[in-house]
Each structure stands twice: as structure tokens, then as C-alpha cells.
Amino acid sequence: MATDTTHADARSGTSPRGRKPKRPFLHRPAVVAMVFLLPFLVLYVVFRVYAVGYAVVLSFQEIQGIGSSEWTGLDNYRRVLTDRTGFTALRNTMLYTVGTLLVLIPVPFVLAAILRSRWVARQSMFRSILFLPVLTSLVVVGVVFSLLLSTNGLLNGFLGLFGVPAQAWLETRHLAIPAMIIMATWRWTGINIIYFTTGLSNIPDELYESAAVDGAGPIRQFWHLSVPLSKPIILFVTVLTIFGGFQLFVEPLVLWGSGGGPGQGGLSAVVHLYRTAFTSFDLGYASAIGVVLAAIIMVFSLIVLKAFGFFAKDR
Amino acid sequence: MLAITNPDRRRFRWGAVLIAGLLVAAGCGGSGDDDSAADGGGGADGGPQDVELEFWTFVDAHTDFMQARADEFNEQSDEYNIILNASSADFEDMHDRLLVALQSGSGAPDIVDIEIQRFATFLRGDVPLHPLTDIIDNHRSELVEERTAPYRADGVEYGIDYHLGAWVMYYNSEILDAAGVDVDSIVTWDDYIAAGQQVVENTDAWMASIETTDRFSVLGPMLQNGGGTYDENNELILDSAENIEALQLISDMVHEHEIATASAGGQHHSEPYYQALNEGQYASVWMPLWYVTRFKDFMPETEGKILIRPMPEFSSDGFISTMGGGTGTAITTQIDEDKVDAAKAFLEFAKLTYDAQVALYTDLGFDPFRNDVYDDEALTAPDPWFGNEPVMTNVQAMFDRLAPEFTGPRYPEAVLQLRDVVAYQVVEEGADPAEALRRAADEIRSLD
């Protein structure tokens with residue numbers, strides 16, 4: 001029938017005479033997609049692709065002072081290998097990253113599981129309260145933690161209840177990393193709980209009910225259901241924590257300014273990069289540090305992905 | 001009736017897009033010559049020419065000080081009417097933005113405050129600051145010459161400070177009295193140590209506090225002993241014999257004589273330290289003279305108790321003070337060429353003239369670096385907070401025994417080594433001062 005033919009033609013995008021109707025240029029799907037994507041693409045190319053590319057180019061130059069640059073090949077990368085302060089900063093950063101992984105994965109996961117359980121009422125209220133630190137101004141965080149971690153501060157007062165002597169958290173080299181981990185725990189536990197709660201809510205209740213019927217208690221349900229079935233979200237949070245750990249910058253900055261903390265105990269790789277770029281104005285070497293740091297983060301992330309069997313799915 | 005056909009509509013749409021694009025481009029384009037020096041008013045009728053100057057600083061009080069000087073300048077000048085757009089930002093943020101603006105070639109202010117620790121960064125490569133030697137020359141015979149050294153490169157001065165920053169010893173007379181120590185009997189460092197032992201034995205206070213996360217405690221005695229980071233020939237002297245002797249003295253005070261300890265909060269600019277000093281936990285502290293403002297602002301209990309004296313001497317013919325901290329005001333090369341003369345005239349008026357130097361004391365509480373103002377009645381008046389003594393007159397008495405500070409190309413890194421590594425290792429970990437300084441110097445030398 002004529003009507004059916006017309007509908008079929010319309011669906012197939014051809015005119016009754018077999019020609020495609022000519023759409024206005026601005027209405028073509030590809031053009032529309034491009035128009036909507038263009039602002040993002042322009043910003044991404046200018047502020048990301050170009051910036052990263054330019055940093056790689058700078059890493060092969062010696063730039064000391066304004067208006068001076070010289071190609072030096074791999075000299076900056078060789079310098080990375082002999083940079084004592086750089087190694088101190090890298091060691092601090094890795095210790096911090098490991099510390100945050102040990103705290104910021106299990107603690108929020110357990111808290112998320114508890115929050116999701118039937119024993120906790122007003123779950124959304126607790127989630128909101130735990131999320132508040134993420135929204136707190138960093139200046140405020142810095143001031144609060146300077147007071148909290150001072151020798152006469154609240155933390156020492158609390159530890160004193162258990163007979164632990166007062167510690168100079170911000171003035172002792174080996175306590176600088178724990179101080180930053182304490183601060184990171186306060187800041188990031190809430191957001192990680194949100195991530196884990198989202199992951200846990202995707203596990204069907206029927207599985208828990210079946211396990212309960214089979215006699216599994218809450219702890220066995222946690223170990224044998226919640227943990228394995230949350231593997232993707234645990235992987236996601238782990239990689240994010242590694243990124244955050246290696247990009248450690250704000251915590252030492254608000255606690256010790258641009259100094260490296262007591263005996264460089266709080267000097268992170270990114271603070272070292274920042275000081276090389278802006279205090280020394282050695283942009284070439286700072287760029288090389290940035291490139292090496294990016295490579296280290298990539299390697300660590302790949303190791304974690306491999307360990308979690310992320311690539312196994314592709315086979 | 002006006003009818004728009006399909007092709008017309010399409011043409012109209014493309015036309016609208018084109019016009020919108022042109023409007024956006026025009027809006028983004030800027031007006032090129034709008035920022036020229038004349039800035040509109042003044043000049044043409046023979047009156048003073050309006051000159052708009054952008055000024056960046058990281059100290060709020062400096063904006064008020066410079067604005068007040070601009071008002072005075074405009075009252076007196078027939079040639080220029082300065083319109084000062086002053087803005088204050090966080091220390092790191094301001095210096096970083098300045099560096100980026102100067103490197104990228106646009107966005108820098110006309111006049112800027114650069115802290116002494118960061119100044120050397122701007123003297124590498126093509127110096128993006130205008131030489132100020134000519135305006136300093138106009139007053140050189142009146143100035144404490146040593147204060148121009150930190151802002152000099154290859155014999156050219158690029159910055160003018162806000163103060164002399166003479167290093168002094170602040171004694172808590174109440175604690176010293178309780179310990180039976182006469183403050184004026186302390187002349188040498190040996191006297192100081194002996195007095196410290198009396199203080200520790202007879203009171204609950206320490207004689208001194210040493211910073212472990214800042215530079216002042218270690219750098220002051222080093223400079224006073226003729227050391228420091230660089231000499232006048234731009235040679236790094238971080239591991240010089242003078243520095244080692246000074247640092248050994250500090251180490252001995254902590255570990256051998258046990259009269260000094262690491263300062264609360266790690267530095268003399270922290271809340272815990274202000275609290276401890278206010279409560280009388282330390283009988284003395286050596287800091288530059290601008291630290292008087294910290295007593296008045298943060299340590300109310302010290303009112304009337306603090307006496308200011310020269311640093312104890314290493315030798316009878318040696319220095320009894322030096323200079324510490326500082327902020328150089330500079331003119332950037334991004335200023336319009338036709339504003340340079342006005343900016344220099346204003347900076348000379350605001351920083352180097354007699355009245356401006358008196359104002360450095362009356363407005364900011366700083367010790368001026370112009371000799372002749374010390375006889376002004378504003379500076380000779382006794383200060384009740386500091387034992388009712390004429391503090392500035394006593395400072396002037398040190399001028400002939402004042403060690404200069406030279407800042408070479410790696411001054412920022414040398415300071416970081418002192419504050420991050422050396423002070424902590426020596427004070428907290430008992431490291432050998434000579435070894436700690438040698439490692440720090442090696443680290444700095446390895447950068448070039």
C-alpha cells in the first residue's frame with residue numbers, strides 16, 4: 001500500500017523517488033554532536049593535550065630564569081636519577097600512598113557495609129555527615145588540623161586517655177606521614193563510603209537472603225558476598241586512591257606551607273615538582289619530574305589492574 | 001507582508017551566526033591601546049598627569065602603606081597624579097602568578113613586592129625588572145648600604161626593601177630577673193650560655209628556642225659571624241668555617257649546655273610558639289627587629305617585659321647584628337614605557353625619602369634603613385612595650401657592626417635546605433653541623 005511504502009521510505013531515510021532528503025547542515029547528527037562536543041574538545045586540547053605535550057617538550061630543555069632555554073637532551077632525566085631530595089619526596093609519597101590504601105579502602109568499605117545493614121537507621125543522614133569533610137574549605141581544614149595535631153591538640157588529648165604520651169605530630173620527621181594520613185582519612189573517608197555504598201547497593205538482596213537461609217552470618221556474608229561482588233568498585237577506589245596518593249600536594253601545603261615539613265618528612269613528589277618549578281624556576285627539570293611521576297603512577301595503576309584481573313576479561 | 005522563504009531563512013541563520021561570531025571576537029579582542037600611560041585625565045591643561053599603576057603585594061599592611069604614600073605623593077607632585085590599584089594575595093599565590101605572568105609576557109603588575117627568599121628567582125636569565133640604581137643613588141649616602149645588597153645582581157639594584165631587619169636579641173626581663181641575670185652583663189655568646197645555665201637552673205624556662213622548620217634561628221648567627229649563603233662575589237659559602245662555627249654554637253646550646261630547645265610549633269611564626277613565648281617558656285629569642293610587631297599582635301602578656309639588645313658577639317671586633325627577612329619592591333618590565341619615570345619617582349618617594357622612612361616606623365613598626373631618620377623624634381621616643389627604652393636609638397648604635405646579607409642565584413634553594421634539612425638534623429637529630437652544612441652545600445652545587 002502507498003501508505004506503508006511512505007512509512008517504510010521514511011524509516012529508511014529515502015524519499016519516495018529513492019533520494020535521501022537533504023537535511024539542513026546544522027541538523028546533521030555529526031554536526032550536532034560536534035557542536036556540543038566542541039567546547040569540551042577545545043578546552044581539553046588546549047589545557048590538557050597541549051599542556052602535557054608542552055611539558056614533555058620542556059623536559060628536554062634547561063630553562064633557568066625568564067627568557068632562557070636550551071636543549072639538553074636527556075640531562076633532566078639523568079638528573080632525576082641522582083636527585084637526593086627527589087628520592088626523599090618519592091619515598092614520602094609512596095609511604096603516604098601505601099598508608100592511605102591501607103586505611104581508605106578497608107575502613108570506608110566496612111563503614112559502608114555497616115551503613116547499608118538493617119541495624120543502622122537514618123542511613124542517608126550518616127552518609128551526608130560523613131561526606132561533609134569533602135565540602136570543607138581547605139584553608140579551614142589546614143587551620144583545624146594544625147590545631148588538632150599540635151602538641152597540646154585534641155589528638156594528643158585523646159591519646160592521653162589511653163596513656164599514650166603527647167607527640168609532636170607536625171614537628172617530627174617520622175610523624176609527618178602519619179599526620180597527613182590522619183588528615184586524608186578525615187577528608188576522604190566520606191566520599192569512599194559513598195562509592196562503596198553505591199557498589200554494595202547493586203548486589204541483589206536475594207543473595208544475602210539465600211546465604212542467610214544457608215546459615216551464613218553477617219561476617220561470612222560480608223567476606224563471601226559483599227567483598228567479592230564489590231571487586232569492580234574496590235578496584236575503582238583503589239586506582240583513585242593511588243592517583244590521589246601520588247598527587248599529594250594540598251595536605252603538606254596547608255600543614256607546612258611550601259616547606260617540606262620537619263626534616264623533609266612531609267615533602268611530597270608534587271611539592272618537590274612545584275618548588276622546582278616556582279621557587280627554583282627550573283621549568284625543564286620540573287617537567288621531567290612530572291613526566292617521570294606520571295610514568296610511575298601509570299605503572300602502579302597497571303600493576304593494580306593486573307592484580308585485580310582487570311585485563312583477564314579481554315581474553 | 002514580509003515573508004522569509006527557506007533559502008532566505010537559511011541565509012539569515014548563517015548571517016546571524018557570522019554576526020554573533022564577529023561580536024564575540026570583537027568582545028574578546030581587547031582595546032589595545034586603552035592601557036596607555038596617559039589614562040585620560042590630567043596633563044593636557046598643564047596639571048599633573050594621571051598615571052595608573054597596578055601594585056601587587058602579599059602583605060595587607062603594605063597596600064595601606066603604599067596607598068598613603070601615593071596620596072602624599074599626589075599632594076606634592078606637579079608632574080604626576082598616581083592612581084594606585086593595590087591588591088594583596090597569598091604569599092605563594094602572588095609570587096607564582098607573578099612568575100607565570102613575567103614568563104608568559106603579559107599580566108604582570110607595574111609595581112610588585114617580592115619577598116627576599118623569592119627575589120633571586122627573578123634575577124636569573126633576562127631580569128624582568130627595571131634597574132633602580134639611579135633612584136637609590138639619589139639617597140645612597142643616607143642609606144644603610146648593606147640593605148641594598150640582597151636585591152642586587154651584577155652591581156644593579158632591582159628592589160627596595162621596607163625595613164632594615166636588624167637582628168637583635170629579645171630578652172624576657174622577668175625571667176632573667178628571677179634567674180638573677182643582669183641582661184647588660186651579656187656581651188659575648190659565652191656570657192649568653194652562662195646566663196642560660198642560670199636561667200635553666202633557677203626557673204622553669206629555657207634560655208632560647210631554635211626553629212626546626214624555618215631558617216631564622218640558624219641563619220642569623222651565621223650571617224652575624226660573617227657567613228650566610230653567599231659572599232659578595234656571588235660564591236656559595238653555605239659550608240664556610242664561619243657558618244660551621246655558628247651552627248656548632250647552636251648545636252652546643254641544645255645538646256651540650258642544654259639551655260636551648262626546639263621551638264614549639266617548629267618555628268617562631270606559629271601559634272604554639274606565640275603561646276609558649278607569651279607564657280614565659282623561653283627567656284630569650286633572636287629574631288630580626290620586625291618581630292616587635294609579633295609581640296604586640298600575638299603576645300599580650302609580654303608587654304613591658306621584653307628588652308631588646310644586640311646579638312651577643314662572637315669576637316670583640318666582630319659583628320653584633322645582621323639583617324633578616326625582607327621584601328623588595330620592584331618595577332616590572334611589563335610596565336608601559338611611558339609610565340616608568342612616574343613609577344620610579346613614586347617608588348623613590350614612597351620608599352627612600354626621609355618622610356617615607358619615618359613612616360616605615362610609624363605606620364608599619366619597621367626599622368628604617370636610612371641613617372638620618374633615627375634622630376627624628378618619632379623614632380627616639382621610648383617604647384613602653386620594650387622596657388620603655390628608645391628601641392630605634394639602640395638599633396642605630398649597631399650600624400657600625402652590622403653584617404650584610406648577600407643573596408646569590410641559588411638563595412631560595414639554600415634557604416630551603418637550611419629550613420627543611422639542616423636546622424632539623426642538627427637540633428632534633430644531633431647531626432654534626434659541619435657535615436650537615438657540607439651536604440646542604442653539595443645539594444645546592446649539584447643544581448648547576
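**Entry 1**

I note here that the model is a predicted one, so every value below is computed from a prediction.

I then checked where the two partners belong. The domain assignment of chain B gives a domain 1 made of 49-159 and 326-380, and a domain 2 made of 167-323 and 402-445. The rule finds two salt bridges across the interface of domain 1 and domain 2 of chain B.

**Entry 1. The two domains of chain B**

I took the centres of the two domains of chain B over C-alpha atoms; they are separated by 29 Å. For contacts, I found 15 residues of domain 1 of chain B touching 20 residues of domain 2 of chain B. The two domains of chain B bury about 1,400 Å² between them, and 56% of this area is on carbon and sulfur atoms. On the domain 1 side, I listed the residues that lose the most area to domain 2 of chain B: Gln117(B), Arg124(B) and Glu146(B). Together these three make up 38% of what that side buries.

**Entry 2. Chain B against chain A**

Next I turned to the interface between the chains. I counted 35 residues of chain B in contact with 30 residues of chain A. Chain B and chain A bury about 2,800 Å² between them, with 50% of it on carbon and sulfur atoms. Which residues of chain B lose the most area to chain A? They are Gln103(B), Asp420(B) and Tyr424(B), and together they account for 18% of what the chain B side buries.

I also looked for charged pairs here. The count between chain B and chain A is three salt bridges. One that I noted joins Arg84(A) to Glu443(B), with the closest N and O atoms 3.3 Å apart.

**Entry 3. Salt bridges overall**

Over all chains, I have 35 salt bridges in the structure. I picked out the one between the side chains of Asp184(B) and Arg309(B), at 2.7 Å from N to O. Asp184(B) sits in the loop between helix H6 (173-179) and helix H7 (189-202) of chain B, and Arg309(B) in strand E10 (residues 306-310) of chain B, so the pair ties together parts that are 125 residues apart in sequence.

I moved on to open space. The second largest pocket holds about 1,100 Å³. I found 29 residues in its lining; Ala51(A), Val52(A), Ala55(A), Leu273(A) and Ser287(A) lie nearest the centre of the pocket.

Which helix gives the largest share of this lining? H2(A) does, with ten residues. Helices that each supply at least two residues are H2 (29-58), H14 (269-279) and H15 (283-307) of chain A, together with H3 (91-104) of chain B. By class I wrote down 23 nonpolar, five polar and one charged residue for the lining of the second largest pocket.

I counted three cavities of 30 Å³ or more. The largest cavity has a volume of about 50 Å³. Its lining consists of Ile136(B), Leu143(B), Arg147(B), Thr148(B), Tyr151(B), Gly159(B), Ile160(B), Asp161(B), Leu352(B) and Phe369(B). I sorted the lining of the largest cavity into six nonpolar, two polar and two charged residues.

The second largest cavity has about 40 Å³ of space. Residues that line the second largest cavity include Tyr170(B), Tyr171(B), Asn172(B), Ser284(B), Val285(B) and Phe295(B). I found that strand E6 (167-172) and strand E9 (284-288) of chain B each supply at least two residues of this lining. E6(B) has the largest share, three residues. How many charged residues are in the lining of the second largest cavity? I found no charged residues there, against eight nonpolar and two polar.

Definitions and conventions. Residues numbered from 1 in each chain as written. Chains lettered and ligands numbered in written order. Predicted model: local features only at pLDDT ≥ 70, side-chain atom pairs only at ≥ 80, totals over all residues. Heavy atoms only, no water. 1 Å grid on protein atoms, 1.4 Å probe; cavity = no way out; pocket = protein on both sides within 12 Å on 5 of 7 lines; lining within 4 Å. Points joined across faces, edges and corners; volume = space filled by probe spheres on them. Nonpolar A, V, L, I, M, F, W, Y, C, P; charged D, E, K, R; others polar. Helix = DSSP H or I, 4+ residues; strand = E, 2+ residues; numbered from the N terminus. Domains from an automatic or database assignment. Contact = heavy atoms within 4.5 Å. Buried area = accessible area lost by both parts, 1.4 Å probe. Salt bridge = Lys/Arg side-chain N within 4 Å of Asp/Glu carboxyl O.
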